[in-house]
Amino acid sequence: AVKALANRGLVEARPRYRPVIRRPNVDTALETMGSLVGRLLNEPGGVRNLFETRIMVEATLVRNAALHADQDDITALRAALENNRAEIGNSERFYRTDVAFHAVLYEIPKNPVLKAVHKAYTTWLAPQWSRMPRRPDRNQSNFEAHRKIFEAIRNHDPDAAETALRHHLNEAWTQVRETFGDI
């Protein structure tokens, strides 16, 4: 019973210690969902379904950012974009800066639930992304998409931000399909 509760993130169990009840939070809830999502990702179309929810969430986030980002948010997004540009030639580091760029979008609303959602998406989708071929031309294309998203947010244009984000993630999905087929 203790092991089952620990697997659900509800208690912390360590050998030779009494189990300690964990205070449920957003991270705990998303970790608990992880096993369910893992099973869903293995079903036909499962990765696509999860990716579509990411597009919906991020489309809303970029619209929000274009309308509400303050100077500190724009500065953080610019720094993430610059880090992304600097790593175009190194695909492993580029991937990390890509994740970091998107993370800023989840941070702008200053809602801890969204930060946890980003962490969950990156954790759930990482097995597929880690097997993607890394190429500087793809990195360059992804950087250019990030630059367009950034510019639309900086210019306070929610329609352009959403259009750029949707184009970027649809292109990313095309790259996934070229690598894995329909998953």
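Me: Which residues of helix 3 are buried?

Reply: An α-helix has 3.6 residues a turn, so residues three or four places apart point the same way. Now the case here, in a predicted model. The buried residues of helix 3 are Gly46, Val47, Leu50, Phe51, Arg54, Ile55, Glu58, Ala59, Leu61, Val62, Ala65 and Ala66. Arg54 and Glu58 are on that list too.

Me: How far does helix 3 reach from its first C-alpha to its last?

Reply: Helix 3 spans 33 Å with 23 residues. That is close to the 33 Å expected at 1.5 Å a residue.

Me: Which residues have the most contacts inside the largest nonpolar core?

Reply: They are Phe51, Val62, Leu77, Ile149 and Ile153, in a core of 41 residues. Helix 3, helix 4 (71-86), helix 5, helix 6, helix 7 and helix 8 each supply at least two residues of this core. Helix 3 gives the largest share, nine residues.

Me: What is Ile149 in contact with, leaving aside its neighbours within four places in sequence?

Reply: Ile149 meets Val62, Phe101, Ala164, Leu165 and His168.

Me: Now the voids. How many cavities of 30 Å³ or more does a search of the whole structure find?

Reply: Rolling a probe the size of a water molecule over the atoms shows where empty space is left. In this structure the search finds one cavity of 30 Å³ or more.

Me: Which residues lie nearest the centre of the largest cavity?

Reply: Tyr95, Asp98, Trp129, Arg134 and Asn142 do, out of 27 lining residues. Helix 3 (46-68), helix 5 (91-107), helix 6 (112-130), helix 7 (136-154) and helix 8 (158-180) each give two or more residues to the lining. Helix 5 contributes the largest share, seven residues.

Me: How do the residues of that lining divide into nonpolar, polar and charged?

Reply: The lining has 13 nonpolar, eight polar and six charged residues.

Me: Take Gln175 in helix 8. Does Gln175 count as buried or exposed?

Reply: Gln175 counts as buried because its relative accessibility is 13%, and the cut-off for buried is under 20%. Not counting residues up to four places away in sequence, Gln175 touches Met132, Arg138 and Asn142.

Me: Last, the whole chain. How many helices and strands does the protein chain have?

Reply: The protein chain has eight helices and two strands. From the N terminus on, the order is α-β-β-α-α-α-α-α-α-α. Of its 183 residues, 39% count as buried. Among contacts between residues at least 6 apart in sequence, 71% join residues at least 24 apart.

How values were computed: Residues are numbered from 1 along each chain as its sequence is written. This is a predicted model: local features need pLDDT of at least 70, side-chain atom pairs count only at pLDDT 80 or more; totals for chains, interfaces and linings use all residues. Side-chain values use heavy atoms; hydrogens and water are left out. On a 1 Å grid over the protein atoms alone, a cavity is a set of points where a 1.4 Å probe fits but cannot get out, and a pocket is an open set with protein on both sides within 12 Å along at least five of seven lines; lining residues have an atom within 4 Å of a point. Grid points are joined across faces, edges and corners, and a volume is the space filled by probe spheres set on the points. Helices (H or I, at least four residues) and strands (E, at least two) are DSSP runs, numbered from the N terminus. Ala, Val, Leu, Ile, Met, Phe, Trp, Tyr, Cys and Pro count as nonpolar, Asp, Glu, Lys and Arg as charged, and the others, Gly among them, as polar. Buried means under 20% relative accessible area, exposed over 50%, partly exposed in between (1.4 Å probe, protein chains only). Contact means heavy atoms within 4.5 Å. The expected span of a helix is 1.5 Å times one less than its number of residues. A nonpolar core is a set of buried Ala, Val, Leu, Ile, Met, Phe, Trp, Tyr and Cys residues joined through side-chain atoms within 4.5 Å.
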